[in-house]
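The report below describes one protein model, from its aromatic contacts to its sheet and helices. Please read it alongside the sequence and coordinates.

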Amino acid sequence: MMRVLLISGASGIGRSIASAVIDGGGEVVLAGRHRDSLDAAVAELGSGASAVTIDLGDESSIARAAATIGPVDHIVSLAADHANGPITALDASAVRNAFDAKVIGPILLAKHFSPQVRDGGSFLFFSGVAAWKPAPGLSVMATTNGAVAFLAEALAVELAPTRVNALSPGIVDSGAWDSMGAGKDALFADTARTNPARRVGQPSDIASAAMSLLTNTFVTGVTLHVDGGGRLTS
């Protein structure tokens, strides 16, 4: 039975991945900073799910979780902490938090959990289309997402034969854009008009790609772009 530690998987894309694992007969351990949302997700997912508190900005919480969770097949991190805005207005602590979530945290996950990964297992870290399509105000997002792709390559070599991959989503109707109100509709319409797939993504698109990376034991050190071709648009 596949056992997956899923960081920041209580909603949206993460929830879709969790459901895919459980539907396939596997077990999911949801992890994150906010225990209330984790427990609510576990209650909805049912008997195949459990929860543990992990803060990727706190190495001691990662070490404690590694000591208590036991062996796993895969570790998946969707964690993100945004530091968006003009470079001249960025707060240094927000920039550090962004790197903790996307870069330093995954390194520490590899440090503490690599001994726990069973034969044939893997790490999967989430990048994002901003790395290949930078825009004003998104310099930190572009940099951290780009770093994830290089980290996957480096760790694939260092942790071999444990596999390490990255997944780079594009614009996905995951709930993350709902706070934009009418702006969401405009964004999605523009995305569907301009990207080669002619639509926005759905959480199920990302979940199926993630499951492929977890289960294909001949794939390591790659970044899989699941963005409808969005990185190719001008």
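## Aromatic pair, sheet and helices

The count of aromatic pairs comes to 1, under the rule that rings of Phe, Tyr and Trp (its six-membered ring) pair if their centres lie within 6.5 Å, with planes under 30 degrees apart counted as stacked, over 60 as edge-to-face and the rest as tilted. That pair is formed by Phe123 and Phe125, and it is tilted, at 5.9 Å centre to centre and 35° between the planes. Both Phe123 and Phe125 are buried, where buried means under 20% relative accessible area, exposed over 50% and partly exposed in between (1.4 Å probe, protein chains only).

This is a predicted model, in which local features need pLDDT of at least 70 and side-chain atom pairs count only at pLDDT 80 or more, whereas totals for chains, interfaces and linings use all residues. Residues are numbered from 1 along each chain as its sequence is written, and side-chain values use heavy atoms, with hydrogens and water left out.

An open sheet is formed by 7 strands in the order β3-β2-β1-β4-β5-β6-β7, with parallel pairing. Helices (H or I, at least four residues) and strands (E, at least two) are DSSP runs numbered from the N terminus, and two strands pair if DSSP finds at least two bridges between them. β3 (49-53) and β7 (223-226) are the edge strands, each pairing on one side only. Strands β4 (residues 72-77) and β5 (residues 117-126) pair in the parallel sense over 5 bridges, and Val76 has Leu124 as its bridge partner in β5.

| Helix | Strands | Angle |
|---|---|---|
| α2 (residues 35-45) | lies across β2 (27-32) and β3 | about 170° to β3 |
| α7 (residues 203-215) | touches β4, β5, β6 (163-169) and β7 | about 165° with β6 |

Helix α1 (residues 12-23) has 12 residues and reaches 17 Å from its first C-alpha to its last, close to the 16 Å expected, a span taken as 1.5 Å times one less than the number of residues. Its buried residues include Ile13, Ile17 and Val21, and the cover over the buried residues of α1 includes β1 (3-7), β2, α2, β3, β5 and α7. Gly25, whose phi is positive, near 90°, follows α1.

Notes: Contact = heavy atoms within 4.5 Å. Axes fitted to C-alpha atoms, helices over the stretch in contact; angles between N-to-C directions.
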